[in-house]
Amino acid sequence: MAKYLLLKHYRGAPEPVNNVPMDQWTPEEIEAHMRYMRDFATRLEKSGEYVDGQALAPEGAWVRYDGEGRPPVTDGPFAETKDLIAGWMVIDVDSYERAVELAGELSAAPGAGGRPIHEWLELRPFYGSSPTITE
């Protein structure tokens, strides 16, 4: 088994698909999306492949150490990940192919109009874990 991070981005879907930002969805569309995510996690819990996951609020700040006796610096000239990262899920699966399969399924979560959003998900193995890529 190897752990993978499925990172959801606010970047959404490719332009020609269902690229309506979540802040423009109806409350019913948001609830359908969240229900899909919960049902997906519940199914993976039953198969033993779910580790953890959370949705993230858009608020946030970059913080870094600025030297002895100085207060931490917040924000700065960095990419605003708080505008990019919507949430994450950690899975523990038998193969890279299974991780890709699950990421593809999660990408089909419903969005505006109840249609799959085809969102991009970043799939990354945990550092120090040997990826389970099979030939």
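**Notebook: strands, helices and selected residues**

I began with L5 and listed what it touches, leaving out residues up to four places away in sequence: W88, M89, V90, E122, L123, R124 and F126. Contact here means heavy atoms within 4.5 Å.

I noted the basis of the work: this is a predicted model, in which local features need pLDDT of at least 70 and side-chain atom pairs count only at pLDDT 80 or more, while totals for chains, interfaces and linings use all residues. Residues are numbered from 1 along each chain as its sequence is written, and side-chain values use heavy atoms, with hydrogens and water left out.

**Entry: L5 and its strand**

I located L5 in strand β1. Helices (H or I, at least four residues) and strands (E, at least two) are taken as DSSP runs, numbered from the N terminus. I found L5 partly exposed, at a relative accessible area of 22%. On this scale buried means under 20% relative accessible area, exposed means over 50%, and partly exposed lies in between (1.4 Å probe, protein chains only). I also took the C-alpha separation of L5 and D92, which is 9.1 Å for residues 87 apart along the chain. I then checked β1, residues 2–9, as a whole: six of its eight residues are buried, and the strand is mostly covered.

**Entry: the chain overall**

I counted two helices and six strands in the protein chain. Along the sequence these follow the pattern β-α-β-β-β-β-α-β. Of the 135 residues, 29% count as buried. Among contacts with a separation of 6 or more, I found that 77% come from residues 24 or more positions apart.

**Entry: the sheet**

I traced an open sheet of four strands in the order β2-β5-β1-β6, with antiparallel pairing. Its edge strands are β2 (50–55) and β6, each pairing on one side only. Direction ignored, neighbouring strands of this sheet are turned by 15° against each other on average. Two strands are said to pair if DSSP finds at least two bridges between them. I recall that strands of a sheet pair through backbone hydrogen bonds, either parallel or antiparallel.

I went through the pairs one by one:
- β1 and β5 (residues 85–93) are antiparallel over eight bridges, and L7 stands opposite W88 in β5.
- β1 and β6 (residues 121–125) are antiparallel over five bridges, and K8 stands opposite L121 in β6.
- β2 and β5 are antiparallel over five bridges, and A55 stands opposite G87 in β5.

How do α1 and α2 pack? I read an angle of about 155° between α1 (residues 27–47) and α2, with their axes 11 Å apart. That makes α1 roughly antiparallel to α2. Angles under 35 degrees count as roughly parallel, over 145 as roughly antiparallel, 65 to 115 as roughly perpendicular and the rest as oblique. Axes are lines fitted to C-alpha atoms, for helices over the stretch in contact, and angles run from 0 to 180 degrees between N-to-C directions.

I found the crossing of α1 and α2 to be right-handed. The residues making the contact are Y36, M37, F40, R43 and L44 of α1 together with R98, L102, E105 and L106 of α2. A crossing is right-handed if the near helix is turned clockwise from the far one by less than a right angle, and left-handed if anticlockwise.

**Entry: H118**

I noted a positive phi, near 55°, at H118, a residue other than glycine. Most residues other than glycine have a negative phi. H118 lies in the loop between α2 and β6 and is partly exposed, with a relative accessible area of 42%. The C-alpha atoms of H118 and E105 are separated by 9.2 Å, the residues being 13 apart along the chain.
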